Amino acid sequence: MKAIISAISHFVPPNVIPNSWFEDKLDTSDEWIRTRTGISERRFLEHGATSDLIVPCIEDILKQRNLSPEDIDAIIVATITPDNVFPACAASVQKKVGLTKAWGFDLSAACSGFLYGLQVGASLVESSAYKRVLVCGADMMSSILNPEDRSTYVLFGDGGGAVLLEQGEDDNYGILDSRLYMDGRGGTNLYMIAGGSAKPTTVETAANKEHYVVQDGQSVFKAAVIGMAEVAAEIMTRNNLTADDIAWLVPHQANLRIIEATRNRMGLASDKVMINIGRYGNTTAGTIPIALSELYRDKKIKKGDKIVLASFGAGYTWGAIYLRWAID
Ligand code: UT7
């Protein structure tokens, strides 16, 4: 049977950072940030780590489904900001929530991490090997941003979300199709120079600030506009979906202009696109589960709704998933 999302939750830290906060620190303005990206504010986690963004989501999911921590069989954490390089962030979360029967792992696919995780998690559930699998997408981007770089510091935020996957009872619902891609030739357009085995952290790399996000914004922008729009159109064609059929496009939230290009390519009305970049900025692996969870929380999705998720990010990685909502 197909894997369905049987519960969903998200968490963003309470500390709101408005665009104006950057104006005293950097040569930037609220007007530049809003018009180039669509971002008005984002959240920064003051104390803690990425696992602390995920733990409240899982506690809420367990409550929604009336489950105990031991009922979970596996946990996948999509993130590029794990608590430590190793052990896995999944292990930190497992310990904090007490998921004593769960195995799990981290998945590094940046902004597409949640979609990659959803595909892997759905396969585990569909195979009947594991009954209940948590797929989480979260990033504490504030931990890897250069506070002196106006071209990246203003773009990102902290936050995360999670879903529980279980087998459904009707194969017309759940995760129905996915198209996932990767092109490593885009790697150095959005990356961290040091801190990996290619260039381990030294006093010099730290002094050169090579442990922060580096982005060639225009190159990523050009690739994202094409990549996200094309894959969203491809998933529609493969599944004979018209714009009228689709209840919601839930896109990765990196830039309003990239989202708009995808919406146009799909021929969708603007009221069918979930946009919350204005409030949270780009939370990397967190954007899609946060957006989907907000739609559900606000009762804007109903059982049977056809939903397309789409992303583009570092790697490059990109993709789209087609699902039919399975819960009331
Ligand atoms: O989620 C992962 C994938 N990432 C993305 O999808 C991001 C894709 N890229 C983008 O969204 C956009 O390229 C950015 C929002 C990052 C930048 O927007 P842009 O329209 O491509 O601007 P730009 O990089 O071409 O920069 C235009 C100007 C430059 O000044 P000059 O050379 O024209 O004098 C920048 O130095 O804006 C300047 N600039 C800023 N000015 C004020 C760059 N950052 C800022 C800033 N405030 N924060």
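Helix H4 is followed by Gly98, whose phi is positive, near 80 degrees. Helices (H or I, at least four residues) and strands (E, at least two) are taken here as DSSP runs, numbered from the N terminus. The structure is a predicted model, in which local features need pLDDT of at least 70 and side-chain atom pairs count only at pLDDT 80 or more, while totals for chains, interfaces and linings use all residues. Residues are numbered from 1 along each chain as its sequence is written, and side-chain values use heavy atoms, with hydrogens and water left out.

H4 itself spans residues 89-97, and Cys89, Ala90, Ser92, Val93 and Val97 in it are buried. Buried means under 20% relative accessible area, exposed over 50%, and partly exposed in between (1.4 Å probe, protein chains only). Viewed down the axis of H4, the buried residues fall within an arc of 160 degrees, so they line one face of the helix; the arc is that of the directions from the helix axis to the C-beta atoms. The buried residues of H4 pack against helix H3 (50-65), strand S4 (74-78) and strand S5 (103-107), where contact means heavy atoms within 4.5 Å.

Most residues other than glycine have a negative phi, and most peptide bonds are trans. Two peptide bonds are described here as cis. The bond from Phe86 to Pro87 is cis, with omega near -5 degrees, and Pro87 is placed in the loop between S4 and H4. The bond from Gly315 to Tyr316 is also cis, with omega near -5 degrees; Tyr316 lies in the loop between strand S12 (306-313) and strand S13 (317-324).

Asn66, in the loop between H3 and S4, has a positive phi of about 55 degrees. Asn66 counts as exposed, at 71% relative accessibility. Ala110 has a positive phi of about 50 degrees and is found in the loop between S5 and helix H5 (113-126). With a relative accessible area of 6%, Ala110 is buried.

Strand S6 (residues 133-140) is mostly covered, eight of its eight residues being buried. Val133, Val135, Gly137 and Asp139 point one way from the strand, whereas Leu134, Cys136, Ala138 and Met140 point the other way. S6 is paired with S4 and with strand S7, two strands being counted as paired if DSSP finds at least two bridges between them. S4 and S6 run parallel and are joined by five bridges, with Val133 in S6 as the bridge partner of Ala74. S6 and S7 (residues 158-167) run antiparallel and are joined by eight bridges; Val135 stands opposite Val163 in S7.

Two packed helices are described by the angle between their axes and the distance between the axes. The axes of helix H8 (residues 217-238) and helix H9 (residues 256-266) come within 8 Å and cross at roughly 30 degrees. Axes are lines fitted to C-alpha atoms, for helices over the stretch in contact, and angles run from 0 to 180 degrees between N-to-C directions. H8 and H9 are therefore roughly parallel to each other (angles under 35 degrees count as roughly parallel, over 145 as roughly antiparallel, 65 to 115 as roughly perpendicular and the rest as oblique). H8 passes H9 in a right-handed crossing, the near helix being turned clockwise from the far one by less than a right angle. Residues of H8 that meet H9 include Phe221, Val225, Met228 and Met236; those on the H9 side include Ile258, Ile259, Arg265 and Met266.
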